[in-house]
Amino acid sequence: MATPADEPKAIEVRDLSFSYNGHLVLRDVNISIAQREFLAVIGPNGSGKTTLLKLFLGILKPSMGIVRVLGKEPSRVVSEIGYVPQDTSINKDFPISVLDVALMGRLGGAGHGYRYSAADRRTAREALERVHMWEYAERPIGRLSGGQRQRVLIARALTGNPSILIMDEPTASVDKEFQTELFEFLKKLNDSMTIVVVSHDMSVLSSYVKSVACLNQRLFFHDAAEITPEMIEMAYHCPVDLIAHGMPHRVFRDHEDH
Ligand SMILES: Nc1ncnc2c1ncn2[C@@H]1O[C@H](COP(=O)(O)OP(=O)(O)OP(=O)(O)O)[C@@H](O)[C@H]1O
């Protein structure tokens, strides 16, 4: 049986740089994410967070350096990763039901024309029950609240039975109550699953995550849930008066307003 010492890292990134058409977005990024880690990636708008996630997923290829997921090329382990994209990437007018969205998580590498089996339907139902959305199974996704839609997207990611869950801004369009509920849920999943969450909102993160990475073209990784003033300065290019055990939330807001 594999011991933690010899099990592969969930995600390993070495000397990674990435450019879009010559425009450098990520520079010399190194990070090693152990299995069952709960990592938050924070950073300002346009700092490359979504780009980094897409490199983890194999949707983008590094310009330089390597990305390994469970020791392999990301494209070879697609079914190991559940991805919850930003809510804004969802076309809310598309006439598709909650159950259909959850079932899409079963497609994995399956080609066009794949027919869902009874096992697929059972798994989709279980995933929707886990996020308390089974009662909405027949409802079009366009007629859900932001928080409900987020739950369905999580269910879709879980139906693939991934060992790594990657979420891009899961709390962007939901209220405080759902944020807490979501992180409690993620904390339970984290017993058996690696979780990577991109977020702007640090106030909800600190009590749930195990480590934090601050990104602004370069990545600054801290192997603890604490967000240090150095990380803030590095990523946000502003000195932050880090208030005792508080997140510099107010300070950020002031900073972003100017
Ligand atoms: N497909 C693309 N083609 C060209 N440039 C892109 C593309 N996608 C993103 N970019 C640029 O790359 C940079 C990083 O974008 P990315 O979406 O990774 O940032 P982010 O940190 O996720 O931002 P946000 O917090 O606003 O979601 C930005 O300057 C963005 O304009």
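Predicted model: local features only at pLDDT ≥ 70, side-chain atom pairs only at ≥ 80, totals over all residues.
Ile11 has Ile33 as its bridge partner in strand S2. Strand S1 (residues 11-20) pairs with S2 in the antiparallel sense, with seven bridges between them. Zooming out, the open sheet here is built from three strands, ordered S2-S1-S4, with antiparallel pairing. Strand S2 (23-33) and strand S4 (64-69) sit at the edges, each pairing on one side only. From one strand to the next, the twist averages 25°. Helix H1 (residues 49-57) lies across S1, S2 and S4, and runs at about 120° to S1.

On to the domains. Where the two meet, seven residues of domain 1 are in contact with five residues of domain 2. Sorted by class, the domain 1 side of that meeting place has five nonpolar residues, one polar and one charged.

Is Pro162 buried or exposed? Pro162 counts as buried, because 20 C-beta neighbours fall inside 10 Å, and 20 is the number at which a residue qualifies as buried. Setting aside neighbours within four places in sequence, the contacts of Pro162 are Glu80, Ile81, Gly82 and Ala157. As for Leu55, 107 residues separate this leucine from Pro162 in sequence, and the C-alpha to C-alpha distance between them is 17 Å.

Definitions and conventions. Residues numbered from 1 in each chain as written. Buried ≥ 20, exposed ≤ 12 C-beta atoms within 10 Å, placed from the backbone. Nonpolar A, V, L, I, M, F, W, Y, C, P; charged D, E, K, R; others polar. Pairing = 2+ DSSP bridges. Helix = DSSP H or I, 4+ residues; strand = E, 2+ residues; numbered from the N terminus. Axes fitted to C-alpha atoms, helices over the stretch in contact; angles between N-to-C directions.
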